[in-house]
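Reader: I have a structure open and would like to go through it piece by piece. Can we start with a sheet?
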Amino acid sequence: MTRFTRVVALLAVLALVLAACGGDSDDTTTTEAASETTEAPDETTTTEAASETTEAPGETTTTEAMGEFTAVATCFVTDDAGVDDRSFNASGWKGVNDALATGAVAADPIVLESTSAADYQPHVETCLAQGAEHIVTSGFKLADTTAQFAADNPDVQWTIIDFGSLGDNVTGLEYQTDEGAFAAGYLAAGMTQTGIVGTYGGVNIPTVSIFLDGYARGVAHYNEVKGADVRVIGWDVEAQDGAFTGTFDPADPQVRATCESQLDEGADIILPVGGAINLPCGTAIQDRGIEGALIGVDADAVEAMPGEYMDLWLTTILKGIDIQVQRSIEAHASGAPTGGSSSVGNLENGAIGLAPYHAWEDRVPAELAAEVEQILVDIAEGTIDWEKFVVGAG
Amino acid sequence: MTATANPNDMIHVRATPEEKRSTIIGAVLIALGAYIFWQFGLGVEPGLQATFNLSLQTDTVQGLAWVVDPRQFSMIIGVIVAGLGGWRLTRRALQYTNLSLAISFLLLVMAFLAWAAAGSQFSLVGMLRSTVVLSVVVVFGALTGLMCERVGVVNIGIEGQLLAGAFAAVVLSSAFGTAAGVLGGVAVGALLGWLLAWLSIRFQVDQIIAGVVINFLALGLTSLMSARILSEIQTLNAPERIPAIRIPFLADIPVLGAMFFDHTYFVYGMFLLVFGIHYGLFYSRWGLRSRSVGEHPKAADTAGINVYWVRYRNVILGGMIAGFGGAFLGLAQVARFEENMTGGIGFIGLAAMIFGRWLPIGALGAGLVFGLSRAVQQKVAILNTGIPSEFLFMVPYIVTIIVVAGVVGRTRPPAADGIPYIKD
């Protein structure tokens with residue numbers, strides 16, 4: 001039996017090693033972005049009023065003149081979706097790199113990819129061991145870990161994405177994404193040919209549901225203003241519940257089926273919220289050959305998503321995680337860390353917005369486009385009466 | 001039976017397990033019927049209508065719909081279900097117990113949907129089509145398990161075989177085209193099938209451990225290559241999607257056309273495999289030999305059957321089915337690979353095999369029940385019924401647990417299942 005034991009042991013070891021490697025393969029990847037100097041002149045781009053356009057806020061860097069930065073060693077810990085999630089982790093990491101470009105981040109920032117909740121704590125410990133001065137934890141799932149380690153390491157500055165401040169040295173980044181979703185809902189209601197628009201999320205958690213809620217309210221606003229009767233499926237404002245896939249894995253058959261279920265009801269414009277779970281929906285729309293559209297979230301989908309769905313993206317509800325992360329690190333680097341406070345990104349401060357219509361530019365009537373722009377302005381100025389989603393519930 | 005003098009009549013005759021089961025199920029069905037009557041029937045406001053749409057946008061015949069009064073509809077269903085329960089209580093025609101259960105389950109779903117859709121509408125045909133699509137991977141998984149267990153080899157590695165099949169299909173399809181992708185998926189499935197057979201036949205490794213090793217191996221290898229290779233060379237993770245093939249005429253039939261005749265060839269393949277394996281197992285020499293090896297390998301050996309060869313062959317064939325199922329997942333659904341994209345569906349396939357009683361047609365039925373519970377969940381989510389979405393996620397698993405926990409009656413695996421055969 002020795003031969004048998006050897007074969008099985010070998011296979012078992014191989015399997016475990018591979019399982020471990022597969023998960024953490026991108027550990028401690030350092031960026032190649034060239035920034036040898038620790039001090040770089042800050043590029044001051046003028047801030048365009050976000051309310052003014054449907055332009056991507058991400059393109060307008062809002063670095064205020066803060067003088068020279070003292071670069072801080074930065075470490076970025078993702079949640080279990082990994083850094084290639086084409087969503088908030090990717091966007092947060094982009095923010096770190098943008099701050100690297102302006103000289104606020106010391107050369108070779110570290111990114112640690114988590115594959116499960118068990119990785120959070122060791123990754124944060126690794127960051128501390130590497131001498132990080134600023135640690136960015138990506139996502140509310142890291143809240144407990146962040147709170148614990150931030151309290152034990154008061155000299156380190158922390159930034160947590162999608163969560164409120166967790167201590168004097170933690171900057172919370174929160175987003176009033178329903179402001180953008182509201183405008184997107186209005187747009188969808190104006191564009192639908194079937195009179196039915198749909199939306200679904202990964203799981204009913206506040207950072208996801210806020211999109212669905214704003215979207216449904218935007219459609220309701222359209223109905224009220226225009227006397228129309230556009231139906232939203234997938235979100236019940238009263239019950240604060242709706243259609244969810246139960247997973248953020250785009251390859252799960254359930255995701256595509258959720259989208260198809262809405263197409264079956266006649267929905268032609270759909271807002272899927274959660275990582276890449278909008279991709280199977282694009283596939284389904286293409287397979288059916290119907291004239292439908294998708295609304296993206298977080299980063300402009302036309303730039304972030306694979307090429308074959310280009311003409312399906314009506315717009316994207318932009319959530320400028322990169323901008324807020326960059327601002328937080330830059331504040332630290334300029335000697336005035338924002339720890340202890342929460343920063344809510346919204347239309348007014350440019351962290352939320354609607355992306356350009358790209359392929360749909362010609363199909364969106366000028367009148368509707370103007371109305372949507374007006375709504376963005378009105379929301380930023382607070383002149384529309386609607387019930388916003390409460391952020392910061394945690 | 002008039003003579004009371006016969007002493008045999010005085011002896012208390014104990015009920016057989018089947019009779020007991022019939023009684024229990026009868027009582028449950030009567031309670032269920034009453035519940036349907038009150039909750040889904042009387043619980044609906046009078047005057048509301050529920051509309052089940054029977055046409056998809058892609059259908060030839062448009063605008064078909066079935067309008068019911070949910071109150072009346074559910075009350076009738078409640079009476080029928082209770083009636084079936086009463087029939088079970090009589091303990092007559094025991095062979096119809098499972099049929100009564102299945103009919104009652106479907107009627108329950110219909111009454112529930114009528115209740116949920118009261119005053120509203122939804123696409124019933126879309127739901128039924130979803131049911132078929134969502135059951136495909138589960139059925140492939142169940143068939144894989146069945147091929148192996150029918151010859152006495154337990155296959156816990158279905159999940160890994162599906163995953164590796166999906167990976168190979170996506171990468172090879174991206175590089176060399178669709179045909180290479182599908183064949184590659186099948187070949188990798190076969191390879192992992194051979195590995196399981198080799199470990200469990202040649203080395204008599206505990207088959208559960210061998211299966212777990214295969215799962216970890218597939219998960220680790222594919223995740224590693226996905227992170228190292230696919231994230232670098234993204235053209236290797238962009239296969240051409242396999243389109244649906246509309247079967248002329250049949251696809252134009254309302255409802256049935258959308259459900260069965262407008263799919264990719266994987267779905268047609270699934271139905272062919274189910275009926276083919278059923279025929280093969282019970283009406284061919286191959287099937288007789290396979291079953292004899294799974295039930296009593298020593299007797300089979302004595303009769304001149306090469307037990308090892310039969311086991312190798314079937315386990316490898318099973319792996320190929322899983323590889324084909326993986327190719328469906330990777331090429332027909334989304335056309336890309338994601339780490340751990342099977343997400344446990346192979347294990348659900350294993351459960352489907354058990355509650356399908358190691359029968360191919362049972363596996364199909366079990367897969368459809370799973371698919372149906374997921375498809376219903378999606379419709380309920382958009383009907384604003386107030387049922388929490390978190391609860392809806394649990395429904396397919398609750399159904400699986402209830403069914404596996406013995407609702408289908410006693411199931412009996414092949415006698416030599418999981419036992420290595422050692423030739424004297």
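Reader: Which residue of β15(A) is the bridge partner of Ile317(A)?
Author: Leu354(A) is the bridge partner of Ile317(A). Keep in mind that this is a predicted model.

Reader: Which residue in β15(A) is the bridge partner of Lys319(A)?
Author: Lys319(A) has Ile352(A) as its partner there. Strand β13 of chain A, residues 313–319, pairs with β15(A) in the antiparallel sense, over 3 bridges.

Reader: And β12(A) with β13(A), parallel or antiparallel?
Author: Those two run parallel, and 5 bridges join them. One of the facing pairs is Gly296(A), which stands opposite Thr316(A) in β13(A).

Reader: What is the strand order of the whole sheet?
Author: The order in chain A is β8-β7-β11-β12-β13-β15. That makes an open sheet of 6 strands with mixed pairing. From one strand to the next, the twist averages 15°.

Reader: Which strands stand at the edges?
Author: β8 (231–233) and β15 (352–354) of chain A do. Each has a single partner strand, so one side of each is left without a neighbour in the sheet.

Reader: Which helix lies across β13(A)?
Author: Helix α5 of chain A, residues 178–191, does, and it runs at about 170° to β13(A).

Reader: New topic, Asp385(A). Buried or exposed?
Author: Asp385(A) is exposed, because 7 other C-beta atoms lie within 10 Å and the cut-off for exposed is 12 or fewer. This residue is found in the segment after α11 (366–381) of chain A.

Reader: How far is its C-alpha atom from that of His221(A)?
Author: The C-alpha atoms of Asp385(A) and His221(A) are separated by 9.7 Å. Along the chain, the two residues are 164 residues apart.

Reader: On to chain B. What span should the 19 residues of α5(B) have?
Author: Helix α5 of chain B covers residues 158–176, and at 1.5 Å a residue it should span 27 Å. Its end C-alpha atoms are 26 Å apart, which agrees.

Reader: How many of its residues are buried?
Author: 17 of the 19 residues of α5(B) are buried, so the helix is largely enclosed by the rest of the structure. Just after α5(B) comes Gly177(B), with a positive phi of about 105°.

Reader: At what angle do the axes of α4(B) and α14(B) cross?
Author: They cross at roughly 140° and come within 7 Å. α4(B) is residues 124–149 and α14(B) is residues 360–382. The crossing is right-handed. The residues of the contact divide into 17 nonpolar, 6 polar and 2 charged.

Reader: Last one. How many residues of chain B are in contact with chain A?
Author: 47 residues of chain B are in contact with 48 residues of chain A. α7(B) gives the most to the side of chain B that touches chain A, with 10 residues. Other elements that each supply at least two residues to that side include α4 and α14 of chain B. By class, the side has 26 nonpolar, 14 polar and 7 charged residues.

How values were computed. Residues are numbered from 1 along each chain as its sequence is written. Chains are lettered from A and ligands numbered from 1 in the order in which they are written. This is a predicted model: local features need pLDDT of at least 70, side-chain atom pairs count only at pLDDT 80 or more; totals for chains, interfaces and linings use all residues. Helices (H or I, at least four residues) and strands (E, at least two) are DSSP runs, numbered from the N terminus. The expected span of a helix is 1.5 Å times one less than its number of residues. A residue is buried if 20 or more other C-beta atoms lie within 10 Å of its own, exposed if 12 or fewer, and partly exposed in between; C-beta atoms are placed from the backbone. Axes are lines fitted to C-alpha atoms, for helices over the stretch in contact, and angles run from 0 to 180 degrees between N-to-C directions. A crossing is left-handed if the near helix is turned anticlockwise from the far one by less than a right angle, and right-handed if clockwise. Ala, Val, Leu, Ile, Met, Phe, Trp, Tyr, Cys and Pro count as nonpolar, Asp, Glu, Lys and Arg as charged, and the others, Gly among them, as polar. Two strands pair if DSSP finds at least two bridges between them. Two residues are in contact if their C-beta atoms, placed from the backbone, lie within 7 Å.
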